[in-house]
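Colleague: I have the model open and would like to know what stands behind the labels. Take me through them one at a time.

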Amino acid sequence: MELEAGEPVESRPGCGSFFANHWKGLVVFLMPIICLPIILTNNIPEYRCMYILLIMAVFWVTEALPLYVTSMIPIVAFPTMGIMGSEATCMTYFKDTLVMFMGGIMVALAVEYSGLHKRLALRVIQMVGCSPRRLHFGLIMVTMFISMWISNAACTAMMCPIIQAVLEELQAQGVCKIYHEPEYQMVGGKNKKKNEDDLPYPTKVTQCYYLGIAYASSLGGCGTIIGTATNLTFKGLYDTAFPNATEKMDFPTFMFYSVPSMLVYTLLTYVFLQWHFMGLWRPKSKEAQEVQVGKDNAHVAKKVIDQRYKELGPMTIHEIQVAILFVIMVLMYFTRKPGIFTGWAELLPAKVIKNSMPTIFVVIMCFMLPANYAFLRYCTRKGPVPTAPTPSLITWKFIQSRVPWGLIFLLGGGFALAAGSKESGMATLIGSSMSGLKVLPHSALMLVVILVAVFLTAFSSNVAVANILIPVLSEMALALKIHPLYLVFPAGLACSMAFHLPVSTPPNALVAGYAHIRSKDMAIAGIGPTIITIIVLFIFCQTWAMVIYPNLDTFPEWAQIAAEEAANKTRLLSEIAANKTHMLEMAANATRLLTNNTELLTDLASSSSNMLGNLVANNTQPLADLAVNGTRLLTNLAFNKTV
C-alpha cells in the first residue's frame, strides 16, 4: 500500500509500551519458569509446596491474575503435584472460620438494610466531630474495643457500612471524596473510560478510614483470649504441651500481658496512617490541604448532619430488633467458652460448638423475625386486613447482591495453602530451619521468632502459622532451657500482625473487597504497622512481661520435668530407631544368605541336569545297537521257525 503525500506515518510502539500493556501476562508466564529450579533440584513435596507458595505470593502482590483466581490455584496444583487430594483441598475452602466470616458479613448487611448503620454513623459523627483526624481516631478506638470481644472479621464487617455511611454524608457536603474520578481517553472520537474493567479507585482519605478499622480489628483482637482464634490456638497448644505449668494463660493474666502493648501500637498505627494518608506533620502536602478543607467545613457539615439525624426520627422496631440480635450475637461469642466460667456451649449435650453457630443463628433469626408487627392489629381486630406480606429483617435478594462471594475463594486459598504446607512437610522444614538459632542470645532469639511469625502470617492463615510455630518453639525452648512462655507468647501475638495482603487476614480481605483497595496500596500501607508492632511487642515482652510473669527469665521446675520427659522420649525413639536399623540389617543379611543359597541350588540343579544329560547321551548309542541286534535275532528265529 502506497502512502499519499502529506499522510502522517504512524510510529511503531516500543518495548516500553508493549510491557506496559502486557506485563501481567509476562508475570503469569515467566514466574512459574523462574521458580522452576526449586522443584528441579529438590523434587519432594516440601519444595513443591514452596514452589506454589512463591508463585501465589507474587500473583497476589502484583494482581497479575485476579485475587480470587489466584486463590483457586491450590485446587489444581495440590492434587497434580502430590501435595493434597482434591477432596481434602476443597474442604479447606469452606471451614468454620469462613462460615463465621460470611455470617458476620450477612449480619452487618442486616444492620445496613435496617438503616441502623446510618443512625450509628450520624451519632458517631455528632459525638466525635466532623474533623477527619478526630473522626478517624474515634472509629479506630471503637473498632479496637469491639474487636477485643468479638471476632475480627465480624467487627470489621460491622464497621464497614458505618464508615461507608459516614463518607457518603461527608461527600454529600463536599468535605471529602470517596473515589477518584475515572480517567478517560479518546477512542474513535469519543470519550471513553481508560479501562472499564477497573474498579473505582478509592482516595487516600477513604483508604485511611478502611485500613484503619482493618488494622484496629487485628490489633484489638490481641487484647483478650477470645479476641481472635489465634489467641485461642496458641493458648490451647501451650496448655496441651505443658499441663503441669504453674504460669497459666488465664483470662485476666492474658489481658494484663497484652492490653498495654495493644493500646500503644494501636495509637502509633493511627499516627502512622495519619502521616501516610492525611499529611500529618506535612502541612504543605496535598493530603494535608484536603484534610484542612474538611476541618474548615466541619461546622457546616455538623449542622446538616444534626438535621439528618433528626429526620431519622425515633428508632423503628426493625432497627431495635437488629440491634438486639447483634447484642445477642456478641454475648454468645463472649459466653461460649470464656475460660473464666462455664460457657453455654459446655452445658449443652452437643458436639464441639464454634463461632459459626451463633453467627448463623442470628442470620437465620433475621429471616424469621418480621420487620414490623402491623399484622398484629388485624389479629387483635384493631386494624384492616394486610394487603401485602410482612417483610423479614433482611431479604436474600439484598444479601445476594451485596455479599462479596469472591472472598470465599480468597480466604479459602489461604487456608488451603496453610493446610498444604502442613501436609507436605514444608511447615516442618521451615520450623526445623530455626534450630540453628541456638547460638543467639535470648533477646535476639525472641526478635527472630517475632520476625519469622510476622513474615509467615503475611502469606498464610494466622491460625495455621500458630499451629506450625508454637509446637516448634515449645520444643526449642526446652532444648535451650528457656521458659516456654518467653517464646510462645510473643510468637502467638505476632501471628496476628498481618497488614500487607488481603489474604493475610479476614479484616484485610473484607476492606479490600468493600472499598476496592489494591493489593500494592495495602502492601505499602502495611509497612508502618508492621515495624511498629514488631518494635513495641519486642520491648513490652522484654519489660512488661517480666512484671506479669516474674519467673519468665528462669527455667522452672515443671519445664525441667517436661524437658527430661522429652529427652527420655527422644532417647526411646532413638533406641527404637536403632533396633529397627539392626532388624533391617538382619533382614538384609538373611536376604543375602537366601540369595547365595538360591545361587548354590541353581548351580547344583544345573550340574545334575548336565550329568544326567551326558549319561543319557553316552548310553543312547549302545542301547540302540542292542535293540537293532535283538530285532535282527528275533527276525532270524522267526524265519527259521517258519521254514
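Modeller: The accessible surface of the chain comes to about 33900 Å², and 65% of that belongs to carbon and sulfur atoms. Keep in mind that this is a predicted model. Of the 643 residues in the chain, 44% are buried. The chain has 30 helices and two strands.

Colleague: What share of the contacts between residues at least 6 apart in sequence joins residues at least 24 apart?

Modeller: That share is 76%.

Colleague: Why is serine 421 called buried?

Modeller: Buried means under 20% relative accessible area. Serine 421 has 4%, so it counts as buried. Serine 421 sits in helix 21, residues 406-424.

Colleague: What makes the pair glutamate 319 and arginine 119 a salt bridge?

Modeller: The rule asks for a side-chain nitrogen of Lys or Arg within 4 Å of a carboxyl oxygen of Asp or Glu. The N to O distance between arginine 119 and glutamate 319 is 2.8 Å, so by the rule of 4 Å the pair qualifies.

Colleague: How many salt bridges does the rule give?

Modeller: It gives two. Besides the pair above, arginine 518 and aspartate 521 meet in a salt bridge at 3.0 Å, N to O. Arginine 518 has a relative accessible area of 32%, so it is called partly exposed. Aspartate 521 is at 13% and therefore counts as buried.

Colleague: What sets histidine 516 apart in the backbone?

Modeller: Histidine 516 has a positive phi of about 60°, although it is not a glycine. Most residues other than glycine have a negative phi. Histidine 516 lies in the loop between helix 26 (506-515) and helix 27 (519-525). Its relative accessibility is 23%, so it counts as partly exposed.

Colleague: Why is helix 26 described as largely enclosed by the rest of the structure?

Modeller: Eight of its ten residues are buried, so the description follows from that count. The buried residues are Pro506, Pro507, Asn508, Ala509, Leu510, Val511, Ala512 and Ala515. They pack against helix 7, helix 10 (152-172), helix 11 (204-220), helix 21 and helix 27.

Colleague: How do you know that the length of helix 18 agrees with what a helix should span?

Modeller: The expected span is 1.5 Å times one less than the number of residues. Helix 18 has 13 residues, 356-368, so it should span 18 Å; its end C-alpha atoms are 18 Å apart, which agrees.

Colleague: Which residues of helix 18 are buried, and what covers them?

Modeller: The buried residues are Ser356, Pro358, Thr359, Val362, Val363, Met365 and Cys366. Their cover includes helix 7 (96-114) and helix 16 (317-335).

Colleague: Which residues form the nonpolar patch on the surface?

Modeller: The patch consists of Met315, Ile317, Ile320, Ile324, Ile328, Met357, Phe361, Tyr373 and Leu376, with about 700 Å² of accessible area together. Helix 16 and helix 18 are the elements that give two or more residues to the patch. Helix 16 has the largest share, four residues.

Colleague: Why is histidine 318 called buried?

Modeller: Histidine 318 has 11% relative accessibility, so it counts as buried; it too is found in helix 16. Leaving aside neighbours within four places in sequence, histidine 318 is in contact with Tyr113, Ser114, Ala371 and Leu393. A polar atom of the histidine 318 side chain lies 2.9 Å from the backbone oxygen of leucine 393.

How values were computed: Residues numbered from 1 in each chain as written. Predicted model: local features only at pLDDT ≥ 70, side-chain atom pairs only at ≥ 80, totals over all residues. Heavy atoms only, no water. Buried < 20%, exposed > 50% of the residue type's maximum accessible area, 1.4 Å probe, protein only. Contact = heavy atoms within 4.5 Å. Areas by Shrake-Rupley, 256 points an atom, 1.4 Å probe, with all protein chains shown as cover. Polar contact = N/O pair within 3.5 Å; in protein donor to acceptor, adjacent residues only side chain to side chain. Patch = residues over 30% accessible without salt bridge, like charges linked within 9 Å, V, L, I, M, F, W, Y side chains within 5 Å.
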